[in-house]
Amino acid sequence: MRTQSRPEDHPQDQMTEAAQLAASTAALESHALYRLGLAYGQRVYRLRWFIIALWILALFASASFAAKLPSVLTSGGYTISGSDSVKVADIAQQQLHQPVAQVFVVFQSPDTPVADPTFQREINDFLARVKSYDHVTSAQLGGVGKDGRTALVVVNFDQSADSVQQHLADFRALVPTGAAATPARAYLTGDVAVYDAISQIAQQDVEKADATVFPLALLVLLIVFATLAAAVTPIVLALIAIPIAMALIYAFALHNTTGVSVLSVVTIIGIGLSIDYSLFLTRRFREELVRGRAVPDALGWTLATAGEAIFFSALTVMIGFSGLILLGIPVMTSFGFGGAIVVVVAMLAALTLLPALLSILGPRINSLRLPLLGRLTAERGGERMGFWHGWAMAVMRRPVVVIVLVGVFLLALALPVFSMRLGIPAASSLPASSEVRQGTDILYAQFPDTKNTPIYLAVQTPDGSSILTPDNLAKIDILTQWLASQPHITNVTSLTQLPATPGAPALTSEQLAALYTSGAYAQNPQLAQFVASTTNGGTTLITARSNATLDSDASKAQIDTLRSDYPAHAGGLTVLVGGTQAFSLDFNRYLYGNFPRAILFILLATFLLLMLMFHSVLLPLKAVLMNILSIGAAFGVLVLVFQEGHLSNVLGFTPEGFVDSTTPVLLFCTLFGLSMDYEVFLLSRVREEWLRTRNNRYAVARGLEKTAGVITNAALILVIVTGAITFTTLVATKEIGLGMTVAILVDATVIRILLVPATMRLLGRWNWWFPGRPLPVERPMPADKSA
């Protein structure tokens with residue numbers, strides 16, 4: 001029977017390791033950051049019980065507020081103030097008193113026609129209930145479907161879409177269900193209902209992901225640490241940090257428009273970073289205990305080394321989220337603030353609560369060891385070399401070959417990004433089981449014109465004179481005819497081209513002009529109502545519908561053409577173009593017009609931060625370039641999967657031919673810091689070994705050896721989190737989950753174990769060059785010792 005070797009069985013090795021420990025301590029204590037970390041660790045050790053009490057109080061104080069977070073989140077925040085599309089919407093609502101928000105209710109019976117008395121009774125009863133509902137300005141029958149068994153009811157509100165959405169559950173109670181839904185079944189649809197469904201499903205997805213992530217993470221941690229005490233500690237940290245972060249985000253959301261997407265930030269960033277930081281810190285603490293340090297000293301050295309890496313790693317992630325705030329779009333700002341809050345809480349918990357817990361547990365962190373795994377995962381001290389040390393040495397023997405092969409592979413993955421098309425998902429992004437999706441499909445099938453994209457032209461006289469003068473009406477007619485002649489336009493409604501009314505005679509533009517100029521139109525109730533809803537003083541609204549697919553090249557070009565060519569056909573009138581496609585175009589152009597500024601800030605701030613940490617110029621530059629490669633690879637996979645539809649059956653979605661326009665921006669800003677995590681942890685350990693030995697090749701191999709296992713395990717846990725998000729319901733959430741999964745896998749494998757050793761071997765001692773200091777001199781490589 002084999003017995004486990006004990007330190008006391010090898011006194012010569014023990015004395016050697018003690019000498020090495022003393023030499024390592026002396027080498028590192030000469031650096032200010034390490035001295036600061038040691039002093040901080042001693043302070044945490046003295047205040048450990050006080051720190052734990054503070055976190056427990058914070059948890060209890062946060063619990064009720066964290067539970068309220070979903071209730072204050074919205075699907076809005078995409079408005080670009082000052083854009084033409086927003087100006088048109090403001091004119092329609094403020095000057096023409098158009099409804100601020102609309103909800104469609106589709107009634108469909110399998111066999112009863114709309115004209116049947118029972119069908120009419122069901123609709124009339126619903127209309128009677130709806131008209132007495134708060135903030136409803138009107139509710140009327142919008143028509144009968146092609147099959148004669150489907151009816152559309154349009155409900156108009158004087159509240160914003162966000163306000164209607166917050167109370168949509170109360171409105172939904174008015175919709176007939178069960179026995180009351182006879183003979184027709186009612187479906188709620190329209191933009192408000194779609195975005196409400198997205199919010200509800202997003203919340204359910206997060207709850208399902210959380211239920212999946214924690215058990216799997218605990219299983220991985222048990223395998224990693226092989227002791228129950230060490231495995232449970234990171235989970236406890238995450239369970240404490242996440243509710244506190246949610247409560248702080250709730251306080252922010254009370255005063256700022258905050259998107260429902262922030263929930264995925266809490267899940268991915270909150271759980272992932274809390275567990276990752278705990279994993280790094282706990283692993284280093286156990287290593288220091290094995291090296292023979294007392295608990296206070298082990299805690300101090302853990303915080304001076306792994307704690308420093310966690311601090312700078314968290315700052316890099318926060319830089320990424322800060323880039324979102326610079327974009328100046330409410331939904332991006334809320335995502336940025338929400339992410340930054342989660343990172344700060346995770347970092348503070350890792351650098352205060354976890355060290356306090358470790359100082360109390362001490363050697364008991366290794367208690368309740370799992371027998372079989374205990375031998376495989378036991379921490380080892382000294383200079384023993386293993387697989388990853390040999391791997392790094394092998395890579396560094398052929399650095400150019402490795403760099404070329406890996407570079408070609410990553411560039412091939414990133415190549416599809418150049419064909420990326422952007423769009424804004426709608427009801428089609430909902431699962432087929434969603435009633436809102438089903439209602440929308442019925443609406444489009446039975447009322448085909450509703451599928452066509454609305455385009456609104458707000459036309460104004462330059463001097464504010466009445467639009468109803470003969471001269472201005474003639475200009476409106478010319479503009480209307482020009483608009484109707486444009487490709488993809490299926491219908492135009494204006495003062496000189498009225499909507500078709502069954503049974504009513506069609507009036508020519510000359511007849512209409514005569515009625516308007518004489519004031520006789522007021523005697524015709526229908527015409528008077530139309531004028532009141534589309535015209536006010538020197539302003540009128542022209543409505544057109546386009547059958548061009550939303551966010552297609554043809555649809556975008558159509559808006560550009562209308563905006564650039566209208567002066568030749570408007571006779572001096574001012575025209576603003578709005579509507580769904582115009583809104584999408586304005587949003588995307590503003591977003592990507594400001595995105596380069598955010599990219600520049602993130603790149604520069606990250607470079608300067610890492611330069612401060614590593615006291616090197618080339619290491620931060622290399623890290624930034626490698627991050628760009630991993631993110632590019634993630635973007636390429638997004639195009640292949642979500643735009644071109646590969647693996648759509650596996651992931652359970654219907655490809656729409658584009659990537660959500662917000663996804664690349666959110667992913668870049670989030671991933672740039674998140675992917676830098678493992679680079680920071682690896683390079684911080686490499687730098688520690690460099691300061692101790694002054695040999696570049698040995699420092700790289702030793703750094704990879706000491707961090708490979710923990711980084712692989714941390715990446716595995718984060719991939720579990722992002723993988724759970726990938727297999728949720730909403731397409732936009734799947735995109736974020738898959739993009740993060742790919743980037744993390746690329747960074748934790750290809751880049752960390754291949755590119756980093758190869759490039760650092762090529763750079764040699766230039767890795768550690770810093771302006772104003774002489775190029776450092778390398779020492780001979782220490783002799784390897786096999787385990």
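Residues are numbered from 1 along each chain as its sequence is written. The model is predicted, with local features needing pLDDT of at least 70, side-chain atom pairs counting only at pLDDT 80 or more, totals for chains, interfaces and linings using all residues, and side-chain values using heavy atoms, with hydrogens and water left out.

**Stop 1: the largest cavity**

A cavity is a set of points, on a 1 Å grid over the protein atoms alone, where a 1.4 Å probe fits but cannot get out; its lining residues have an atom within 4 Å of a point. Grid points are joined across faces, edges and corners, and a volume is the space filled by probe spheres set on the points. The model holds 4 cavities of 30 Å³ or more.

Select Arg 284, Ala 306, Phe 681, Arg 685 and Thr 707, which lie nearest the centre of the largest cavity among its 16 lining residues. The space here is about 180 Å³. Next, colour helix 10 (262-290), helix 11 (295-325), helix 25 (663-693) and helix 26 (696-726), each of which supplies at least two residues of this lining. Helices (H or I, at least four residues) and strands (E, at least two) are DSSP runs, numbered from the N terminus. The lining of the largest cavity comprises 6 nonpolar, 3 polar and 7 charged residues. In this grouping, Ala, Val, Leu, Ile, Met, Phe, Trp, Tyr, Cys and Pro count as nonpolar, Asp, Glu, Lys and Arg as charged, and the others, Gly among them, as polar.

**Stop 2: the second largest cavity**

Now select Pro 425, Phe 642, Phe 653 and Val 731, which are among the residues lining the second largest cavity. Strand 12 (659-660) and helix 27 (731-763) are the elements that give two or more residues to this lining. Helix 27 provides the largest share, 3 residues. The second largest cavity contains about 60 Å³ of space, and its lining has 8 nonpolar, 1 polar and 3 charged residues.

**Stop 3: two partners of helix 27**

Axes are lines fitted to C-alpha atoms, for helices over the stretch in contact, and angles run from 0 to 180 degrees between N-to-C directions. Angles under 35 degrees count as roughly parallel, over 145 as roughly antiparallel, 65 to 115 as roughly perpendicular and the rest as oblique.

Which residues of helix 14 meet helix 27? They are Trp 388, Trp 391, Val 395 and Met 396, and they meet Ile 753, Leu 754, Pro 757, Ala 758 and Arg 761 in helix 27. Contact means heavy atoms within 4.5 Å. By class, the residues of this contact are 8 nonpolar, no polar and 1 charged.

**Stop 4: helix 20 and helix 22**

Finally, select helix 20 (residues 553-565) and helix 22 (residues 580-614), whose axes come within 10 Å and cross at roughly 95°. These two helices are therefore roughly perpendicular to each other.

How values were computed: 1 Å grid on protein atoms, 1.4 Å probe; cavity = no way out; pocket = protein on both sides within 12 Å on 5 of 7 lines; lining within 4 Å.
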